[in-house]
Amino acid sequence: TLASYLIEGHGSEDYFHTRTIMEENFEVWDELMKHLVAATISYLNAQVDAGAQALQLFDSWVGILSPTEYKRFALPYVQQVINGLKSDIPVIYFGTETAPFYPFLKETGADVIGVDWHTPIDEAWNHLGNVAVQGNLDPNVLLTTPDNVRQETEKILRLVNGKPGHIFNLGHGILPNTPMENVRAM
């Protein structure tokens with residue numbers, strides 16, 4: 001995600017420039033990623049030194065990749081970041097539209113895998129296997145009514161069925177126009 005913002009200069013619909021560098025100039029991609037890995041490790045370890053008790057890596061754009069691309073262009077760098085962090089800190093790894101990567105997400109080294117709202121949480125967990133999972137209420141649900149928010153929240157909790165290792169959360173960030181009444185209902 002950081003690399004794509006640096007390359008594109010802003011958010012993107014198709015990540016054309018990022019994809020071009022990944023595919024046609026892998027050496028440039030690799031060098032950029034090495035710099036970002038080092039900076040991210042330094043920054044996150046400083047957060048730990050400042051008192052952070054858990055860390056979360058967001059990879060919001062990663063869902064544009066195919067599983068093969070993920071394994072080549074993202075996974076090795078995620079692994080390097082997580083391996084470079086202080087070992088006593090739990091790490092959550094979250095990306096959007098990562099269902100095709102479920103077989104590889106445990107390889108990141110993260111203690112918890114964040115799940116977006118595109119896949120029911122019980123199905124996602126079945127694919128991920130024995131790992132802690134965070135998620136996965138659709139943030140758009142919070143734009144509806146308090147009753148609907150409660151129903152959808154309870155639905156996720158029923159699907160989890162008390163399984164240990166679940167961190168209830170949204171399946172991505174809270175939207176700016178979300179009514180606080182709905183947050184309280186959740």
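Is Asn 161 buried or exposed? At 64% relative accessibility, Asn 161 counts as exposed; buried means under 20% relative accessible area, exposed over 50%, and partly exposed in between, with a 1.4 Å probe and protein chains only. Keep in mind that this is a predicted model, where local features need pLDDT of at least 70, side-chain atom pairs count only at pLDDT 80 or more, and totals for chains, interfaces and linings use all residues. Residues are numbered from 1 along each chain as its sequence is written, and side-chain values use heavy atoms, with hydrogens and water left out.

View A. Asn 161 sits in the loop between α8 (146-160) and β5. Helices (H or I, at least four residues) and strands (E, at least two) are DSSP runs, numbered from the N terminus. The phi of Asn 161 is near 55°, a positive value in a residue other than glycine. Tyr 15, in the loop between α1 and α2, also has a positive phi, near 55°. Then there's a cis peptide bond joining Gly 135 and Asn 136, with omega about 5°; Asn 136 belongs to strand β4.

**View B. Helix α2 against helix α3.** The axes of α2 (residues 16-24) and α3 (residues 26-49) come within 5 Å and cross at roughly 110°. That makes α2 roughly perpendicular to α3. For the angle classes, under 35 degrees is roughly parallel, over 145 roughly antiparallel, 65 to 115 roughly perpendicular and the rest oblique. Axes are lines fitted to C-alpha atoms, for helices over the stretch in contact, and angles run from 0 to 180 degrees between N-to-C directions. On the α2 side, Thr 18, Ile 21, Met 22 and Glu 24 meet Phe 26, Val 28 and Trp 29 of α3 (contact means heavy atoms within 4.5 Å).

**View C. The five-stranded sheet and its β1 edge.** This open sheet runs in the order β1-β2-β3-β4-β5, with parallel pairing; two strands pair if DSSP finds at least two bridges between them. β1 and β5 (166-170) are the edge strands, each pairing on one side only. From one strand to the next, the twist averages 20°. Helix α7 (residues 121-128) packs on the sheet and touches β3 (112-114), β4 (132-137) and β5, its direction making about 155° with that of β4. β1 pairs with β2 (residues 91-95) over five parallel bridges, and Leu 57 stands opposite Tyr 93 in β2.

**View D. An aromatic cluster around Trp 61.** Tyr 15, Phe 26, Trp 29, Trp 61 and Phe 73 form one aromatic cluster. Rings of Phe, Tyr and Trp (its six-membered ring) pair if their centres lie within 6.5 Å; planes under 30 degrees apart count as stacked, over 60 as edge-to-face and the rest as tilted. By this rule the count comes to six aromatic pairs. Tyr 15 and Trp 61 make a tilted one, 5.9 Å centre to centre with 35° between the planes. They are 46 residues apart, with Trp 61 in the loop between β1 and α4 (67-73). Tyr 15 is buried at 13% relative accessibility, and Trp 61 is buried at 5%. Trp 29 and Trp 61 go edge-to-face: 6.4 Å centre to centre, 80° between the planes. Trp 29 lies in helix α3, so this pair ties together parts 32 residues apart in sequence. Trp 29 is buried too, with a relative accessible area of 1%.
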